[in-house]
Amino acid sequence: MRARIVELSWQGLRVPAIAGEMGCGEKTVRRWLHRFNRSGLEGLEDRGGQGRKRRITESERSRIVGLVDYAPPGRPLGERNDHSGRAAADGATPPQWTLDALVAEARRLGIDVGRSQVRRILLAEGVDWHRRSRSRARVVPPSPAGPAPAAAAPVPPAASRPYAPTSAGR
């Protein structure tokens, strides 16, 4: 599209005609023509480095998501945590993952991350940290009335409503 804007300009078309031909705004046409005039073909390329840089790497994000698959730190003494070999010394911590417990474990692994960032990462990945399972990987349990199916199909996560429920529909 950017090169075509320059080509149409070389053919003698004015900015409004180019914008109409390309289906974009005049401001867009002017921006690309100015960048081409300033920097040549390199001006038509995407500029890297836009926006804030990520504080943690993709591998660290994956490690945080992977923590949820392991036993949380509040299990009774007889149960070991798969990833650390540690068992809970007391029953004071809850036997399920909490955001604070996930942050503490991530920091113990050397990942400097905050509570809200862990929450955003897990929500973006569709991970249910309370139940130690990914919501998109749940499997339908077999019915007690009949035989178990040969292969249980995954249940898709419930769709969230983009609005608050109201009584207007009654």
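Leu99, Asp100, Leu102 and Val103 of helix α5 meet Arg115, Val118, Arg119 and Leu122 of helix α6. Contact here means heavy atoms within 4.5 Å. By class, this contact holds five nonpolar, no polar and three charged residues. Nonpolar covers Ala, Val, Leu, Ile, Met, Phe, Trp, Tyr, Cys and Pro; charged covers Asp, Glu, Lys and Arg; the others, Gly among them, are polar.

This is a predicted model, in which local features need pLDDT of at least 70 and side-chain atom pairs count only at pLDDT 80 or more, while totals for chains, interfaces and linings use all residues. Residues are numbered from 1 along each chain as its sequence is written, and side-chain values use heavy atoms, with hydrogens and water left out.

Helix α5 spans residues 99–108 and helix α6 spans residues 115–125. They pack at an angle of about 100 degrees, with their axes 9 Å apart. The axes are lines fitted to C-alpha atoms, for helices over the stretch in contact, and angles run from 0 to 180 degrees between N-to-C directions. α5 and α6 are therefore roughly perpendicular to each other, a term for angles of 65 to 115 degrees.

Gln117 also sits in helix α6. Neighbours within four places in sequence aside, Gln117 is in contact with Arg55 and Ile56.

A search of the whole structure finds one aromatic pair. Trp10 and Phe36 form this pair, which is edge-to-face, at 5.8 Å centre to centre and 70 degrees between the planes. Rings of Phe, Tyr and Trp (its six-membered ring) pair if their centres lie within 6.5 Å, and planes over 60 degrees apart count as edge-to-face. The pair links distant parts of the chain: Trp10 lies in helix α1 (residues 2–10) and Phe36 in helix α3 (residues 26–39), 26 residues apart.

Buried means under 20% relative accessible area and exposed over 50% (1.4 Å probe, protein chains only).

| Residue | Relative accessibility | Class |
|---|---|---|
| Trp10 | 66% | exposed |
| Phe36 | 15% | buried |
| Gln117 | 12% | buried |

Now the whole protein. It has six helices and two strands, in the order α-α-α-α-α-α-β-β from the N terminus. Helices (H or I, at least four residues) and strands (E, at least two) are DSSP runs, numbered from the N terminus. Of the 170 residues, 26% count as buried. Among contacts with a separation of 6 or more, 42% come from residues 24 or more positions apart.

Definitions and conventions. Phe/Tyr/Trp six-rings, centres within 6.5 Å; stacked < 30°, edge-to-face > 60°. Parallel < 35°, antiparallel > 145°, perpendicular 65-115°, else oblique.
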